[in-house]
Amino acid sequence: MVREAYAYGSTTAASNMEMSGGGGDGGVMSNMKPAWLEGLMAETFFGGCGVHENRRKNEKNIFCLHCCLSICPHCLHSHRSHPLLQVRRYVYHDVVRLGDLEKLIDCSYIQPYTINGAKVIFLNQRPQSRTCKQGSANICLTCDRILQEPFHFCSLSCKVDHLVYQGEDLSGILYRFDESDFTISQFEGLRMDGSEVIDDDGHMIPSSIIEDPLQYRASSCSNEATSDSVMSQEPEVIKKKKKKGSGFLPGIVLSLSSRRKGAPQRAPLS
């Protein structure tokens, strides 16, 4: 696979390059994010689509790599010739399958999570209740989240932001991908009238939302692991107990509150 920046969204970058007077040595553009990458990390997914607000299943869970925006399944027809990326959700945060994302960008040293038999990568860093002290464990170089060895980043944005902060060349981690890997045919499993998606392993995933708290086993501090576990737990359904007393036969129930002690009576004197 050839490593080089993909052309999608390059018109904005090119105009910025011309305004800055660059273009000779290429150093001006080396650490700039391409439009599709910046859009993928900044977009808001799983909100209602404004174009199809009156349609069912209108959540925006697809990212168009050509238009650099999120769309819903009803928008697929308008983007049928564009490369498309499906975004899923795990414990209320956006994830993308590692198999899809690694065709676009180098995902090495980003900690993946195995959910429903598939490895996924978080798009952005997640809030954490408590930050562990540096030196105590292997942590994310950007947000200090505890990670497993040998990973250095907990999300895609953490890796990209770290490289930009260090002034490194992003073109070294970007791939020129094959558009045939991101065609509209991959969304044939999406049902407009229901809420089921069948993944490659045959698991039913409601609305492309992956929720599997029992498999969430990230290495972290005890407090953080506890908070993640609590956050991912589904609310338990509490069954109300039926009121007792309806099964007793009438006339047999004795009301204790109605029993009163009468005035003591003495035996008559003889």
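Confidence in the protein chain is highest in strand β1 (residues 62–64), at 97, and lowest in helix α5 (residues 222–232), at a mean of 37. These values are pLDDT, the predictor's confidence in each residue, from 0 to 100; helices (H or I, at least four residues) and strands (E, at least two) are DSSP runs, numbered from the N terminus. This is a predicted model, in which local features need pLDDT of at least 70, side-chain atom pairs count only at pLDDT 80 or more, and totals for chains, interfaces and linings use all residues. Residues are numbered from 1 along each chain as its sequence is written, and side-chain values use heavy atoms, with hydrogens and water left out.

The protein chain averages a pLDDT of 73, and 57% of the residues score at least 70. Over residues 222–246 the pLDDT stays under 50.

The largest nonpolar core has 34 residues. Such a core is a set of buried Ala, Val, Leu, Ile, Met, Phe, Trp, Tyr and Cys residues joined through side-chain atoms within 4.5 Å, where buried means under 20% relative accessible area (1.4 Å probe, protein chains only). Two or more residues of this core come from each of α2 (35–42), α3 (98–101) and α4 (156–165). Leu-40 is among the residues with the most contacts inside the core. Beyond four places in sequence, Leu-40 is in contact (heavy atoms within 4.5 Å) with residues including Phe-63, Leu-101 and Leu-156.

A second, separate core of nine residues includes Leu-84, which lies in strand β3 (residues 84–86). Leu-84 counts as buried because its relative accessibility is 0%. Phe-182 is 98 residues from Leu-84 in sequence, yet their C-alpha atoms are 5.1 Å apart in space.

Notes
Buried < 20%, exposed > 50% of the residue type's maximum accessible area, 1.4 Å probe, protein only.
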